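Biologist: Could you walk me through this one slowly? I would like to ask about a few spots as we go.

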Amino acid sequence: MPPISNQALLPDQRQAIPDPVRAGLARGWKVFGGPHQALPEQLSCDVLVIGSGAGGGVTAEILTRAGLDVVIVEEGPLRSSTDFHQLEAEAYPELYQESASRKTADKAINILQGRCVGGSTTVNWTSSFRTPPDTLAFWRQHHGLSELSAEALAPWFEEAERRLHIGDWLTPPNLNNELLRTGAQKLGIEAHGIRRNVRGCWNLGSCGMGCPTNAKQSMLVTTLPAALNAGARLLVQTRALRLVHDGSRVSAVECAAMKPDGRPAERLLRVQARHVVLSGGAINSPALLLRSGAPDPHGRLGRRTFLHPVVLSAAVFDQPVQGWQGAPQTIYTDHFLHTQPIDGPIGFKLEAPPLHPLVFSGTLCGFGQSQTALLRQFPNTHTLLALLRDGFHPESPGGQVRLKGDGTPELDYPLNAFVMDGARRALLAMAEIQFAAGARQVLPVHEQAGLVSRWADAKSMIERLPMEPLLTRVVSAHVMGGCALSGDASGGVLRPDGRHWQLANLSVHDGSVFPTSIGANPQLSIYGLVNRLATALAPALGGRAVRWLDS
């Protein structure tokens, strides 16, 4: 097998890359916790933002631009390009929730979520899609969100795209992605390029381990430095434990210092804020409200949590594919989202994920000699994934966030027959595309599947597979819902403006606000919607009226 890291940065290249985080720390950024300044016992501020990912980063920059005193709390560490060595063994324990092995309650779905400054934006693959119009239409019709149309959100998306350099990927796709386009086109299926939030990308392919060149325009190098430069304070390795409230207002947030391994330390901190913005993500945000005993008169909190459950199909080609090289996701097809109504049988989006040895071997089925044989063919392996669009049908209610005995969250997400029917159709579609692209063998990622050499054999095998949890390998990197926006209090946790229906000085700005899944990679949906919510919140809290791109 050729070296996997043959595009790794050389020492002299690494030294030549400016590190804006280290430069900011040297200039005196107000960063506390972990190896930085010691955490105080108490703080006060205008706005406490809990979480530093897509929602928290955008909110922090807009509110500091408005002249408000902002404190950001992040339970993960502050790492930067100098720390990103393109090594899975380092990146997953340091930058992901539960070392990239967070699972649903029954262990049937593995969930990838960031746990570091910048959240999942620091480790995602940069795929950027606006919220599909049919998703927004469903929200308007079924969830009372009358103002959320493609036309109304367009200026907010445009600002996000300009601020984060979201644009077409102009470099030719790597072979892993080109094979998706080749196979799709041979079957008469349209495939398109994916827009990416990058600036001066080196095309290394290690986006999921943190960008070592600062080309990825994550919150780590954009909104958070802007907020810190404007005087915001950042608490790292600090977990928000609970909200102190009287049922109508939050008076304080109790936080705890975190040890490097993610366990709470003894030291506690109390933050008093006029307003709290919760941006912890669609598992941690509902969990914090549950731990706090937040009002939930209609039983909506933590429910209808969605994952875009992902199933995968591997294929072996005669030529080397080298799926670890080059931009990770640059081609997609939405063909199978439009072959049935949005509220009909579950549809799916197809993309080509990057391949790296650790995550590849951990996702493959089988063990021992059978897996060894597959790993020997790793350089020639191609993979497709299908994002199942959950939440639009009565038999797709998503999952429920609940608390374990120690107060930490878990997600119960049943893989029912409706979802697994979509999984089977997705495996069939991916196998047919891979054979059309010239695959020598195809392997649906299922415990009872085997390598097959003809499309007819693959079709017969997939149609007979028992589509059951744990047998069918399912993963996710898109957690949404659990604190849904709704036009009325009985339908969700939040008002359409992002404020909590019962706690007047609490807002939620992250992917948990979506009433269904998106049907596309959600980061740009979060950026655009939170841009709108935070811009309206600033003057309501006494700040200046600003727009995100104001100088």
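Biologist: To start inside, what volume does the largest cavity have?

Modeller: Keep in mind that we are looking at a predicted model. In this model, the largest cavity has a volume of about 100 Å³.

Biologist: And how many cavities of 30 Å³ or more are there?

Modeller: The count comes to six cavities of 30 Å³ or more.

Biologist: Okay, back to the largest cavity, which residues lie nearest its centre?

Modeller: Its lining is made of 14 residues, and those nearest the centre are C201, L204, C207, C211 and T213. If we sort the lining of this largest cavity by class, we find eight nonpolar, four polar and two charged residues.

Biologist: What about the second largest cavity, how much space lies in there?

Modeller: The second largest cavity holds about 50 Å³ of space. Around this cavity we find A314, A315, V316, F360, L364, L374, T381, L443 and L451, and by class that lining has eight nonpolar residues, one polar residue and no charged residues.

Biologist: Which strand gives the largest share of that lining?

Modeller: That is strand β15, which covers residues 310–316 and contributes three residues to the lining of the second largest cavity.

Biologist: Switching to helices, at what angle do α12 and α13 pack?

Modeller: Helix α12, residues 417–436, packs against helix α13, residues 455–464, at an angle of about 170 degrees, and their axes are 10 Å apart. Angles over 145 degrees count as roughly antiparallel, and therefore α12 and α13 are roughly antiparallel to each other.

Biologist: Which residues make that contact?

Modeller: On the α12 side they are R424, L427, L428, A431, E432 and F435, while α13 brings W455, A458, K459, I462, E463 and R464. By class, this contact of α12 with α13 has seven nonpolar residues, five charged residues and no polar ones.

Biologist: Last topic, the sheet with β6, β9 and β7: is its pairing parallel or antiparallel?

Modeller: The pairing is antiparallel, and the three strands form an open sheet in the order β6-β9-β7.

Biologist: Why is one side of β6 and of β7 left without a neighbour in the sheet?

Modeller: Strands β6 (127–128) and β7 (166–167) stand at the edges and each has a single partner strand, so one side of each has no neighbour in the sheet.

Biologist: How many bridges join β7 to β9?

Modeller: Two bridges join β7 to strand β9, residues 195–197, and these strands run antiparallel.

Key: Residues numbered from 1 in each chain as written. Predicted model: local features only at pLDDT ≥ 70, side-chain atom pairs only at ≥ 80, totals over all residues. Heavy atoms only, no water. Axes fitted to C-alpha atoms, helices over the stretch in contact; angles between N-to-C directions. Helix = DSSP H or I, 4+ residues; strand = E, 2+ residues; numbered from the N terminus. Parallel < 35°, antiparallel > 145°, perpendicular 65-115°, else oblique. Contact = heavy atoms within 4.5 Å. Nonpolar A, V, L, I, M, F, W, Y, C, P; charged D, E, K, R; others polar. 1 Å grid on protein atoms, 1.4 Å probe; cavity = no way out; pocket = protein on both sides within 12 Å on 5 of 7 lines; lining within 4 Å. Points joined across faces, edges and corners; volume = space filled by probe spheres on them. Pairing = 2+ DSSP bridges.
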